[in-house]
Amino acid sequence: MNSGVVTLFKLAVLAGLMLFPAIGSSFYVELVAKILVMAIFAMSLALLVGFTGLVSLGHAAYFGIAAYTVALIAPEYEAANLWFVLAASVLAAGAAAFFVGLFVLRTKGIYFIMVTLAFAQMAYYIFHDTALGRSSDGIYLNVKPDASLFGWTPFSLDDPAQLYYFILAAMAAVFVLLSFVLRSPFGRVLAGIHSNEHRMKSLGYATFRYKLAAFTLAGALAGVAGFLYAVLFGFVTPEYLSWHQSGNVLLMVILGGLGSLAGAVAGAFAFIGLQEMFSDWTKHWQLLMGLVIVAAVLFMPTGLAGLPRRIFRTVNWGEDDE
Amino acid sequence: MSEAMLVADRLTRHFGGLTANLEVCITLERGKLHALLGPNGAGKSTCINMLSGDLPPSAGRILLEGQDVTGLDSAERSHRGIGRSYQRTNIFPQFTVLENCRLAAQSRRPRPWRIFTDAMKTRDTVERARAAIVEAGLGGREQRKAGLLSHGEQRQLEIAMVLATDARVLLLDEPLAGMGSEESAQMVELLRELKQNRAILLVEHDMDAVFAVADTITVMVEGSVLESGPPEQIRNSEEVQAAYLGEEEHG
């Protein structure tokens, strides 16, 4: 399968997503917008888990911190400036990740998983139990931010279709940004750390700094997702920071296939799509989801991202490339 | 004319109650290959680990061109010009040979903020990597996956990666381990070329190879230096023969 076919496929998916509001009902437009937000979240975690080899089980903290930032700084009955609250939320999430990274990146393996979880639980309880989170039930974001820029208003997030396109553009931008990062000298160092951190050190790389930069970037991008989620649903709750949320996004990355950005996006679609479908059938939808995850790990070790290649190989369609 | 590059000054390392190295002194000179011999458990690995920065010494100093580098970690020492290859092959198996060496070269030209630059197209790192690959005798294998190379080629790749960091002091931990006789002969030839303008420490079990290329040999036994001198002196030393051969019979 050559890269031209892959690019064509990605562009076709993008075109489909762009046309979707014209054909989908408002329920489905909101659902796909939610999936796109989670795709950003999953890509941000994929940078750590799939590309750097850092399995974080507390990634929801940065998602939730950004969501709370916009809810807390936006005025109660009037629109905040979109660009200001977006920047503030992403900065807050990135700063939190930088601070946490200073501590957790000194650990490895199972300890890293545990301390990322521990910090996320601390963040959860800060918003759940202290005055900062106002109420354990959450906070409403009554008015969507206003996109005006020096008096010019390019779009309005009050319109569901325009909100959808804003989220789609953000998803595409994060995808493109991470694609560049991964092939840059910085991204190659992350790949080297994933493969053999000890050797990277002996080659002269201060690996801690690179991991801290990756952790901060991943936190900031999770913040983009958390911000968009808060704006999309007009509501934030401590559950955004809960370990369920951290686990769900990790499952999206695994379902999509480690080491693939497109896989992370596909994983978000599959996970939320199945969640919707199963919860329509039964309130014990988590049982079904569990079965799907087990089956996926057993029978699809390369995830959804590895699927096209395997299908191509089975039907012997197109050229054999290995 | 000899010029001291790396000096180990009374290096000592304890592991709990065990003294793995006791006041070990070694001097590496430019243009010279210094071999470190000794039976298993003599402390050779501990010594090379202290020199490379993988292990902090309990006492003693390490001087690189007169500057104290004892407190620097392995990454910092790499930047000062000390490069190390490992006894157990330590490469990036999923990457191509070229990318293994390009990453090594990139450590000298890091550009971490250039996130819109394609790393594979940074010409200086690619050129440095290609030159190191050719120097280590792997020319033509650039696009092969490192994990698919033969064992001997992986040993060569280890050295190519060190060369790509522009190291002036090479610490080579058993580069001939597990090699066939033809591959060994090639590696000995490579070592001769490499020492021209560098200082090399060679930890090696292959006696024929050591006596063929070493300018100085240090023999360690039970964590201490037993004797150090030119190959003829070591070959004829009764003390070395007694200690070394005696140990070999047990082990």
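## Close-up views of a predicted two-chain model

**View 1. Chain A meets chain B.** Here we look at the contact between the two chains, to which chain A brings 23 residues and chain B brings 35 residues. Together the chains bury about 2300 Å², with carbon and sulfur atoms accounting for 57% of that area. Between chain A and chain B there are 19 residue pairs in polar contact, counting pairs with both residues at pLDDT 80 or more. On the side of chain A that touches chain B, helix 6 (160-183) and helix 7 (185-202) of chain A each supply at least two residues. Helix 7 of chain A gives the largest share of that side, with 13 residues. Sorted by class, the side of chain A that touches chain B holds 12 nonpolar, seven polar and four charged residues.

**View 2. A charged pair reaches across the two chains.** Side chains of opposite charge can pair when their charged atoms come close. The interface of chain A and chain B has three salt bridges. One of the pairs to look for is Arg188(A) with Glu99(B), a salt bridge whose closest N and O atoms lie 2.7 Å apart.

**View 3. A salt bridge within chain A links distant parts of the chain.** Glu197(A) and Lys108(A) pair through their side chains in a salt bridge, at 3.7 Å from N to O. Glu197(A) sits in helix 7 of chain A, whereas Lys108(A) lies in the loop between helix 4 (82-104) and helix 5 (109-129) of chain A, and 89 residues separate the two. For context, the whole structure has 22 salt bridges over all chains.

**View 4. Chain B is assigned two domains.** Domain 1 of chain B is made of 1-81 + 168-251, and domain 2 of chain B covers 90-166. Taken over C-alpha atoms, the centres of the two domains of chain B are 26 Å apart. Their contact draws 17 residues from domain 1 of chain B and 14 residues from domain 2 of chain B. About 1200 Å² is buried between these domains, and 55% of it comes from carbon and sulfur atoms.

**View 5. Moving in on the domain contact of chain B.** One salt bridge crosses the interface of domain 1 and domain 2 of chain B. Elsewhere in the count, seven residue pairs in polar contact are found between these domains of chain B, both residues being at pLDDT 80 or more. Helix 2 (74-80), strand 7 (169-173) and helix 6 (181-194) of chain B are the elements giving two or more residues to the side of domain 1 that touches domain 2. Helix 6 of chain B gives the most to that side, five residues. By class, this side of domain 1 of chain B has eight nonpolar, four polar and five charged residues.

Conventions. Residues are numbered from 1 along each chain as its sequence is written. Chains are lettered from A and ligands numbered from 1 in the order in which they are written. This is a predicted model: local features need pLDDT of at least 70, side-chain atom pairs count only at pLDDT 80 or more; totals for chains, interfaces and linings use all residues. Side-chain values use heavy atoms; hydrogens and water are left out. Domain bounds come from an automatic or database domain assignment. Contact means heavy atoms within 4.5 Å. Buried area is the accessible area (1.4 Å probe) that two parts lose on being put together, summed over both. A salt bridge is a side-chain nitrogen of Lys or Arg within 4 Å of a carboxyl oxygen of Asp or Glu. A polar contact is a pair of N or O atoms within 3.5 Å; within protein, one must be able to donate a hydrogen and the other to accept it, and residues adjacent in sequence count only if both atoms are side-chain atoms. Helices (H or I, at least four residues) and strands (E, at least two) are DSSP runs, numbered from the N terminus. Ala, Val, Leu, Ile, Met, Phe, Trp, Tyr, Cys and Pro count as nonpolar, Asp, Glu, Lys and Arg as charged, and the others, Gly among them, as polar.
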